[in-house]
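Reader: I am new to protein models and would like to learn how to read one feature at a time. Could you take me through this one slowly?

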Amino acid sequence: MPLPKAELHLHIEGTLEPGLAFALAARNGVELPFKDAEELRHAYHFEDLQSFLDLYYRLMAVLHTEDDFAELADAYLARAAAQGVRHAEIFFDPQAHTSRGVPLATVVEGLGRALDTSEERHGVSTRLIMCFLRDESAASAMETLLAAKPYLHRIAGVGLDSAEAGHPPAKFREVYEVAAELGLRRVAHAGEEGPPAYISEALDVLGVERVDHGLRCMEDPELVERLVRDRVPLTLCPLSNVRLRAVRTLEEHPLPAMMDAGLMCTVNSDDPSYFGGYAGDNFDAVQRALGVGEERLRELARNSFLASFLEDDEERRAL
Ligand code: ADE
Ligand code: ZN
């Protein structure tokens, strides 16, 4: 029985497996620059975040209809459930779809359809988090936020992702202010490739409740002290960090040091189709490569529920 856990850092577009990508490409008449799923899988070697993002945006162009988004999310939920995920807070990138002519309604209603039956079909409760692409303008993010107003019953929060370096959180100050006024929860990627100062800025300027990745906080002892004191959850993604070369090897991942420092860590999969594993695989990997013991694995799983956006009574049931 895999350890029950919540997944808090998961891009639904990053769950697109090569087989489904080719099936959807055929269905929608989209040409892919690979012969078949096998050849595509061999293209999964990345130099850095940007080289991954180039393929990630290219491949998601096979997603067109509500059915496509529903099928994508349902496939993820089935896989996640099999690895012990009982609750999933799922990112999606609306601008990556609207910019190629797919309406926001198609994306949200398609994902929503899969999420509506997730508890019943897979035993997984869910939340949806809409991310802004930080390498696009703040005006585009604001436009996306306002366009999402009719769908806010389906959206729990906002996030910030895509190419981090050179795109500091403060660029999105007003967008996050409006998101807060709309009652949305706030998270942001920070300190994956960007400097520790981006983590402080995400907390101070955007008012985020969790930091996605946050890996590079370890370069700034005062920041670590603050994150420990304020119990700020970090959604770490160990296999992603290796594949995108944020760390050299899994054995050198700072997770044990971060837990020793008292940081509130969680373990997640980020883009599991691209990075070699789903949530349970990430737990197994840190156990194997870093010698993280049973007690700490249970602490990571407990943290995942505590750091989630579940209501208190839902959380108690999960714990
Ligand atoms: N979009 C999808 N995965 C991402 C990651 N790991 N960092 C930033 N943006 C992303
Ligand atoms: Zn991510």
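Reader: In which sense do β4 and β5 pair, and over how many bridges?

Author: Strands and helices are runs assigned by DSSP, where a strand (E) needs at least two residues and a helix (H or I) at least four, numbered from the N terminus, and two strands are said to pair if DSSP finds at least two bridges between them. Here β4 and β5 pair in the parallel sense over two bridges, and Arg186 in β5 is the bridge partner of Val158. Before we go on, please note that this is a predicted model, in which local features need pLDDT of at least 70 and side-chain atom pairs count only at pLDDT 80 or more, while totals for chains, interfaces and linings use all residues. Residues are numbered from 1 along each chain as its sequence is written, and chains are lettered from A and ligands numbered from 1 in the order in which they are written.

Reader: How many of the six residues of strand β5 are buried?

Author: A residue is buried if 20 or more other C-beta atoms, placed from the backbone, lie within 10 Å of its own, exposed if 12 or fewer, and partly exposed in between. By that count, five of the six residues of β5 (residues 185-190) are buried.

Reader: Which residues of strand β7 lie on each of its sides?

Author: In a regular strand the side chains alternate between the two faces of the sheet. In β7 (residues 233-236), Pro233 and Thr235 lie on one side and Leu234 and Leu236 on the other, and all of them are buried. Strand β6 (residues 210-213) runs parallel to β7 and is joined to it by two bridges, with Val211 opposite Leu234.

Reader: Which residues of helix α8 are buried?

Author: An α-helix has 3.6 residues a turn, so residues three or four places apart point the same way. In α8 (residues 138-147) the buried residues are Ala141, Thr144 and Leu145. They lie on the same side of α8 because they cover an arc of only 100° around the axis, the arc being that of the directions from the helix axis to the C-beta atoms. Ala139 and Leu146, on the other side of α8, are exposed. The buried residues pack against α5 (94-98), β3 (125-133), β4 (157-161) and α9 (173-181), where contact means C-beta atoms, placed from the backbone, within 7 Å.

Reader: What value does phi of Ser162 have?

Author: Most residues other than glycine have a negative phi, and most peptide bonds are trans. Phi of Ser162, however, is positive, near 80°; Ser162 is found in the loop between β4 and α9, and it counts as buried because 20 other C-beta atoms lie within 10 Å. His213, in strand β6, also has a positive phi, near 75°, and is buried, with 27 other C-beta atoms within 10 Å.

Reader: Which residues surround ligand 1?

Author: A residue is near a molecule if its C-beta atom, placed from the backbone, lies within 6 Å of it. Ser162 is one of those around ligand 1, and the others include His11, Asp161, His189 and Glu192. The shell divides into two nonpolar, five polar and four charged residues, where Ala, Val, Leu, Ile, Met, Phe, Trp, Tyr, Cys and Pro count as nonpolar, Asp, Glu, Lys and Arg as charged, and the others, Gly among them, as polar.

How values were computed: Contact = placed C-beta atoms within 7 Å.
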